[in-house]
Amino acid sequence: MSNVPENAPHHCPGTQSEDAGKVSACAGCPNQNICASGLPSGPDPAIEIIRNRLSNVKHKILILSGKGGVGKSTVTSLLGHGLAAKNPDINIGILDADICGPSQPRVLGVRGEQVHNSGSGWSPVYVKDNLSLMSIGFLLGSPDDAVIWRGPKKNGMIKQFLSEVDWGDLDYLLIDTPPGTSDEHLSLVQYLCGAGVSGAVVVTTPQEVALLDVRKEIHFCRKVALPVIGVIENMSLFVCPNCHSRSEIFPATTGGAVQMCTEMDVRMLGALPLDPLLARCCDAGDDFTAQLPHSPAVQQLRLIVDSIIAVCEESST
Amino acid sequence: MLEQVKQVILVLSGKGGVGKSTVSTQLALTLKEKGFKVGLLDIDLCGPSVPYILNLEGKSIHQGPEGWIPVYLDPEQRLGVMSIGFLLNSRNDAVVWRGPKKSSMIKQFLEDVCWQDLDFLVIDTPPGTSDEHITVMENLRPVKNCAAILVTTPQEVAIEDVRKEITFCRKTGIPIMGIIENMSGYECPSCSHCTNIFSSGGGHSLAELAKLPFLGTLPIDPRVGQLAGRGLPAVKEIPDSSTSKVFGNIVDSLGGLLSNGL
Ligand SMILES: Nc1ncnc2c1ncn2[C@@H]1O[C@H](COP(=O)(O)OP(=O)(O)OP(=O)(O)O)[C@@H](O)[C@H]1O
Ligand SMILES: Nc1ncnc2c1ncn2[C@@H]1O[C@H](COP(=O)(O)OP(=O)(O)OP(=O)(O)O)[C@@H](O)[C@H]1O
Ligand code: SF4
Ligand code: SF4
Ligand SMILES: [Mg+2]
Ligand SMILES: [Mg+2]
Ligand SMILES: [Zn+2]
């Protein structure tokens, strides 16, 4: 089900929109009376199906940022590896909800794998025993294939991912999202409202161009009543590998994430430095946390993982 | 209203945060410095960066008899800007719209802004391949002089998305003017050692592979990042930087296009 019925005119704002039935495009639309009445069309049955499907998933976390390229996908994979390594008895799943630019198959080193559809649903691809992944990247034929879909079709895909993947028992499901506040985000929040989301981890970089979008994202979370677990500042500092002097490549001219967190009353989870080896690991699909366990980035990451666990455990008791 | 525009340039990527808004604004500023009349349209509805980068936050759009009047950067009105940022009440307001509503906003931006005569209209796009992109491409298809500049950073994660964007352009029939590689290498301010934080050369190889013109390499230069918020052209503020040279060259060849009657 999409929010634009088949029989609606081209510019239909969508049945869930505040303007449904009221804008000029609606003139002559066969559904106008129903839409204009504002009567809810009834809850989407998918919400209940998703609640059932995800009933064995303890904590569901969205990784968000209004800004592009700040490291959402990198942070998602680091958190996945970090959680999985912390305790071999807990199970982690990653859902790559970036339909147009899926990065997880590469970053987790499972490009080219196949997903199989069995009687109980799609089985995800296992990165290690307790870390699994589902991504549209597994469904594309070639790396040049582009998914050129408008919102409703993307929403359909997200609904399928949420309702048809057979994750088994999971302690954490981490959902990597595309940049912005778009159809994908709205659908995730809407479809997960029955299953319940623990909250959002918001990723930013230190400069104002990024913070500007991230403040909007936090407002978005508040609008849709999605709790914010906290903010991670990525690419904070750069340490020259030659002379070890520090430089700010993306200068925090407005106080960086720390000040934004204070202003907006959200938790600051920690800061990850820029590390060229991390970028290289992402490209190669290597597990940075295992390769460079003593790097400053991994040490910071461990603290961040601990805080996220603490917040999730607390909110579920 | 695009009949009065000599050349439309779409700045695209597929990957987020590679510097589309930085390239769009610097390109527009360089064109203006070289004496052209320029429009800059920001179709990033969820994360409009252009008003901030050009130091135009808080300005508003007025409705004139013939449509929306853009915000001008300079009193001579050589650079006009349109962005949803000018229509929001507060800089923290989030635009949470689904596709159809975004599409109709973008159609309005393309049809109802009174740009007057322009040499160039630069369009900054949001990250990804969403309704915004599909709508802008569909609406620009009938526009004759329209081409895309693709921005990428050198690492594989970005190249992967930009390859998809090339497919997207080819499918929709928008010609690609070329590829810019941004954030290629960083020179340490203390020891001048160059680190390829996000690797290097990926944009150049992609251009060769896809048989597209390569427009230049921009290093990571914090001075460029710091021009954001001040609305200043790199070609004037840091004329000796390689960034200025790349923009200077691109603008020279764009100028050549115009004088050759396109
Ligand atoms: N701390 C870091 N140090 C070095 N490189 C990093 C760091 N964080 C991320 N990167 C690199 O930056 C690039 C962008 O990161 P990533 O793809 O995770 O961002 P994203 O927010 O998911 O982007 P998009 O908005 O396009 O989905 C990648 O090449 C990644 O390897
Ligand atoms: N060559 C460069 N040197 C230093 N900083 C840069 C460079 N290019 C871009 N930046 C900085 O990187 C950040 C991201 O750039 P920008 O906002 O232009 O990317 P974008 O592609 O428009 O992002 P989005 O996908 O979110 O729209 C900005 O803070 C910008 O100032
Ligand atoms: S009545 Fe409104 S919401 Fe319903 S289909 Fe028509 S336009 Fe869409
Ligand atoms: S009433 Fe309006 S919004 Fe609703 S379907 Fe018709 S055109 Fe679309
Ligand atoms: Mg990503
Ligand atoms: Mg931008
Ligand atoms: Zn150095």
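**Note on the annotated cysteines and the A–B interface**

1. The unreviewed UniProt entry annotates Cys188(B) and Cys191(B) as "binding site". The model discussed here is predicted.

2. Start with Cys188(B). This residue sits in the loop between β10 (186-187) and β11 (194-195) of chain B. Its relative accessible area is 2%, so Cys188(B) is buried, the cut-off being under 20%. Beyond its neighbours within four places in sequence, Cys188(B) contacts Cys240(A), Cys243(A) and Ser245(A), along with His193(B).

3. Cys191(B) is also placed in the loop between β10 and β11 of chain B. Is Cys191(B) buried, exposed or partly exposed? Its relative accessibility is 28%, so Cys191(B) counts as partly exposed. Leaving out residues up to four places away in sequence, Cys191(B) touches Cys240(A), Asn242(A) and Cys243(A).

4. Now the interface as a whole. Contacts join 62 residues of chain A to 56 residues of chain B. The two chains bury about 5,100 Å² between them, and carbon and sulfur atoms give 56% of that area. Ile148(A), Arg150(A) and Lys216(A) supply 14% of what chain A buries against chain B, more than any other three residues.

5. Eight salt bridges are counted between chain A and chain B. Arg150(A) forms a salt bridge with Glu138(B), with the closest N and O atoms 3.2 Å apart.

6. Which elements of chain A give two or more residues to the side touching chain B? They are α5 (151-164), α6 (183-191), α7 (208-223), β9 (228-239) and α9 (276-284). The largest share, nine residues, comes from α7(A). By type, this side of chain A has 28 nonpolar, 18 polar and 16 charged residues.

Methods: Residues numbered from 1 in each chain as written. Chains lettered and ligands numbered in written order. Predicted model: local features only at pLDDT ≥ 70, side-chain atom pairs only at ≥ 80, totals over all residues. Heavy atoms only, no water. UniProt positions renumbered as here; feature names shortened; annotations may be inferred. Helix = DSSP H or I, 4+ residues; strand = E, 2+ residues; numbered from the N terminus. Buried < 20%, exposed > 50% of the residue type's maximum accessible area, 1.4 Å probe, protein only. Contact = heavy atoms within 4.5 Å. Buried area = accessible area lost by both parts, 1.4 Å probe. Salt bridge = Lys/Arg side-chain N within 4 Å of Asp/Glu carboxyl O. Nonpolar A, V, L, I, M, F, W, Y, C, P; charged D, E, K, R; others polar.
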